[in-house]
Amino acid sequence: MASLKIRDVRVILTEPDGIRLVIVKVETSEPGLYGIGCATFTQRPSAVVSAIENYLRPFLLGKDPGEIEDIWQSSYVSSYWRNGPVLNNALSGIDQALWDIKGKLAKMPIYDLWGGKARDAAAVYVHASGDEHSEIENQIREFNEAGYHYIRVQIGTPGYQSYGAGTNNNSSRREGPRIITDRIERPTTTDSRGLISHPPGIFEPSPYIRSAIGLFDHIRSTIGWEVELLHDVHERIPPIQGVGFAKDLERFKLFFLEDLFPPEDNDYFRMVRQQTSTPLAMGELYNNPHEIIPMVKERLIDFIRVHISQIGGLTPARKLAALCEAFNVRTAWHGPGDTSPVGHAANLMLDLNAYNFGIQEYAIFQERTKEVFPGCPEVKNGYMWSNGKPGLGIDIDEKIAAQYPYKKRAYGGAWDTVRRADGSVVRP
Ligand code: GCO
Ligand code: MG
């Protein structure tokens, strides 16, 4: 084969199931040999498209796709300023596609390029949520029936906007201070400008904390202790209340408590670490190694939750997994609906290879999404399985993908604002 060259870099945008996905295809000079990668930053997709089409594509055309490390390092510094969500996602799409090509050339799945499987399949966790204890209890029982053992639970706080539990809960049982702001009098689902990606709403920490503790109390007293429970605070509460919350939850023996603090308050992990053994997970909002390394080397967290495309793809994630292994921090790569199936396949390559795998988040693939992405990793008995095919083992059907163009969104799809009762902004 004549020396292989990158012939083209294309971006494919598709929204089969209500979430805007960004996929990169790297085509080579060898007819039919290409790779795909996930560059999904669903809140800012067109910025990622521009970074790829206007900057990385002209920079990479004609290069040898086998030079993954050199392409990563040279692209990373090609903008001089670096480590941001847009540039990292753009680089991730390219990087994952190059590993896909290398696996196809070697006729083996990517994890085999790295030394093979450390386990047969990757245990996953799924999401149970709702406004009533019974609703969530039933979901857990159904998931258990289906073989899922790890379940994240989120409950709507009466009268408030809650993360991961639907939108505004208009219950009259609202506790807490009087709502004096009208800044949230804004559209919640759609308006003339398009869909609202994330509705505005009111959030108050104390009612949320009480409703979450009530939920765990209910589940442990009805379903018991066998099921592994996870919860995502989503960085919404004042740090010192977070310290108290993590201590109060200790008796419910969570598998992990996520995003107890925002990245801006990383230092609070030193305080909570001294006061509770509740396992802590953090990292989906990290883009910069400087945010991550102290958390790992001081063993301030138990699970790294990085969103692989937000740090630039498989090349940096593989190194991060190795760093975490040295400090026995386990991986729990971010895997919600706004990680494309290609991104899930990339997660899986690391999940199967890295010794220090902890758990994999899994947003159940919908039928249309599976149609667009032949080779979606299969999930059975609560585990994600590789299909053993070369590279990432997944593909994209561009014709079908084109049937699901992005829907029109207000504010370009930016998230609307969650506020306290006094109108001040809450981290979403
Ligand atoms: C999770 C996350 C997601 C994020 C979403 C942002 O743990 O799965 O917190 O739900 O909020 O990916 O776009
Ligand atoms: Mg989260």
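Analyst: Contact here means heavy atoms within 4.5 Å. Keep in mind that this is a predicted model.

Let's take helix 7, which runs over residues 239–248. Its buried residues are Pro-239, Gly-242, Val-243, Phe-245 and Ala-246. They sit on the same side of helix 7, because they cover an arc of only 165° around the axis.

Now for ligand 1. It has 13 residues around it, and the closest are Tyr-163, His-234, Glu-284, Asp-338 and Glu-361. Sorted by class, that shell holds seven charged, three polar and three nonpolar residues. Some polar pairs involve oxygen atoms of ligand 1: a polar side-chain atom of Asp-338 lies 2.7 Å from one, while for Asp-232 the distance is 3.0 Å. With His-334, a side-chain N or O atom is 3.4 Å from an oxygen atom of the ligand. On its own, ligand 1 has 340 Å² of accessible area, and the protein covers 88% of that.

One last stop is Asp-302, in the loop between helix 9 (289–297) and strand 12 (303–304). Asp-302 counts as buried because its relative accessibility is 18%, and the cut-off is under 20%. Its side chain reaches the backbone nitrogen of Leu-280 at 2.8 Å. Beyond its neighbours within four places in sequence, Asp-302 is in contact with residues including Arg-273, Thr-278 and Val-329.

Technical notes: Residues are numbered from 1 along each chain as its sequence is written. Chains are lettered from A and ligands numbered from 1 in the order in which they are written. This is a predicted model: local features need pLDDT of at least 70, side-chain atom pairs count only at pLDDT 80 or more; totals for chains, interfaces and linings use all residues. Side-chain values use heavy atoms; hydrogens and water are left out. Buried means under 20% relative accessible area, exposed over 50%, partly exposed in between (1.4 Å probe, protein chains only). Helices (H or I, at least four residues) and strands (E, at least two) are DSSP runs, numbered from the N terminus. The arc is that of the directions from the helix axis to the C-beta atoms. A residue is near a molecule or strand if one of its heavy atoms lies within 4 Å of it. A polar contact is a pair of N or O atoms within 3.5 Å; within protein, one must be able to donate a hydrogen and the other to accept it, and residues adjacent in sequence count only if both atoms are side-chain atoms. Accessible areas come from the Shrake-Rupley method with a 1.4 Å probe; for residues, only the protein chains shown count as cover. Ala, Val, Leu, Ile, Met, Phe, Trp, Tyr, Cys and Pro count as nonpolar, Asp, Glu, Lys and Arg as charged, and the others, Gly among them, as polar.
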